Amino acid sequence: MTNEWDDLADWWREELETDPTYVEVVVPLLLAMLDTRTGTVLDVGCGNGRIMGELALAGLEPVGCDINGSLLAEAATFGPVMRVELPGLPIRQASIDGAVLVLSFEHLENEIFSELARVIRPGGWLAAVANHPFITAPGSASIIDPTDGEVFWRPGTYLDPGSSIEDANGQPVTFLHRPIGEFLTTAAKAEFSLSELREVPFEPGGLPDAGLPRLIGVRWTRQ
Ligand SMILES: C[S@@+](CC[C@H](N)C(=O)[O-])C[C@H]1O[C@@H](n2cnc3c(N)ncnc32)[C@H](O)[C@@H]1O
């Protein structure tokens, strides 16, 4: 079982360690999206388990899954883990209370919704924190005016689903782009009803105007 993520463990560890946004924005947004009333939560694309640690602190029982064996070995510190190639999950129907997708949604095809709808019990929940579709649109990028250093944002092709490739220490990593309407409709068809959606602005520091979305946080309820 291999895919491009097998070679990306070091890149992701470096991203986590060097990006203060993860601690300052990603984790608080996830915590705001959680339903902490219920027990077993699957961390989908758990990486090295950092979020599993946050789930345990919130009183939940995390179970991790990922394709990357090296990251999973670290994640095992925080709870049970399983090696999977998503979207397929070797889990019984309606056997978990909730699931989280943290910066993994943008790497997974839409089938992830129907598979999670299968394994989450009715009344359970799904929380996601992802790069906002505003910035995953192919061609979107910041542009710096060389005359005065002012930063602008080029929106790219927001309305067309697609993907872009980023360089991760010389390895390509694919980011899928879904306009908001597309993934909300896919989730609704898989019997997830929208409970809350938050759009979080760009962090300060070299990026354009506050008020442009950087991350999206969503909580759904499994009907
Ligand atoms: C950007 S990392 C996020 C990791 C973790 N959620 C966190 O916030 O630290 C994306 C993770 O998704 C996993 N992943 C990507 N595609 C996958 C697939 N098809 N099956 C299983 N895991 C996958 C990668 O191995 C990686 O650990």
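**View 1. Ala-94 is partly exposed, with a relative accessible area of 37%.** Here "buried" stands for under 20% relative accessible area, "exposed" for over 50%, and "partly exposed" for what is in between, using a 1.4 Å probe and the protein chains only. What you see is a predicted model, in which local features need pLDDT of at least 70 and side-chain atom pairs count only at pLDDT 80 or more, while totals for chains, interfaces and linings use all residues. Residues are numbered from 1 along each chain as its sequence is written, and side-chain values use heavy atoms, with hydrogens and water left out. Ala-94 sits in the loop between β3 and β4; helices (H or I, at least four residues) and strands (E, at least two) are DSSP runs numbered from the N terminus. Its phi is near 55°, a positive value in a residue other than glycine.

**View 2. A cis peptide bond joins Leu-86 and Pro-87.** The omega angle of this bond is about 15°. Pro-87 belongs to the loop between β3 and β4. For background, most peptide bonds are trans, and most residues other than glycine have a negative phi.

**View 3. Glu-191 has a positive phi in a residue other than glycine.** The angle is near 75°. To find Glu-191, look in the loop between α7 (180–189) and β10 (192–201). Glu-191 is partly exposed, at 40% relative accessible area.

**View 4. The ligand is surrounded by 19 residues.** The closest are Tyr-22, Gly-45, Asp-66, Leu-86 and Val-102. The shell divides into 12 nonpolar, five polar and two charged residues; Ala, Val, Leu, Ile, Met, Phe, Trp, Tyr, Cys and Pro count as nonpolar, Asp, Glu, Lys and Arg as charged, and the others, Gly among them, as polar. Which backbone positions come within 3.5 Å of a ligand nitrogen, the cut-off for a pair of N or O atoms in a polar contact? A polar backbone atom of Gly-45 is 2.7 Å from a nitrogen atom of the ligand. For Val-102, a polar backbone atom is 2.8 Å from a ligand nitrogen, and for Ile-67 a backbone N or O atom lies 3.2 Å from one. Taken alone the ligand exposes 590 Å², and the protein buries 97% of that; these areas come from the Shrake-Rupley method with a 1.4 Å probe.

**View 5. Helix α1 spans residues 9–18.** Its buried residues are Ala-9, Trp-11, Trp-12, Arg-13 and Leu-16. The cover over them includes α2 (20–33), α3 (50–57), α4 (69–75), β8 (162–168) and β9 (171–177).

**View 6. Helix α3 has Ile-51, Met-52, Gly-53 and Leu-55 as its buried residues.** These are covered by elements including α2, β1 (40–44), β2 (61–66), α4, β3 (81–83) and β4 (96–102). Just after the helix, Gly-59 takes a positive phi of about 90°.

**View 7. The side chain of His-107 reaches the backbone oxygen of Thr-174 at 2.8 Å.** His-107 lies in the loop between β4 and α5 (111–119). Leaving aside neighbours within four places in sequence, His-107 is in contact (heavy atoms within 4.5 Å) with Trp-5, Val-173, Thr-174, Phe-175 and Leu-176.

**View 8. Gln-171 in strand β9 meets Asp-7 from another part of the sequence.** The two are 164 residues apart in sequence and 7.7 Å apart in space, C-alpha to C-alpha. Beyond its neighbours within four places, Gln-171 is in contact with Asp-7, Leu-8 and Glu-166. Gln-171 is partly exposed, at 28% relative accessible area.

Note on methods
Near = heavy atom within 4 Å. Polar contact = N/O pair within 3.5 Å; in protein donor to acceptor, adjacent residues only side chain to side chain.
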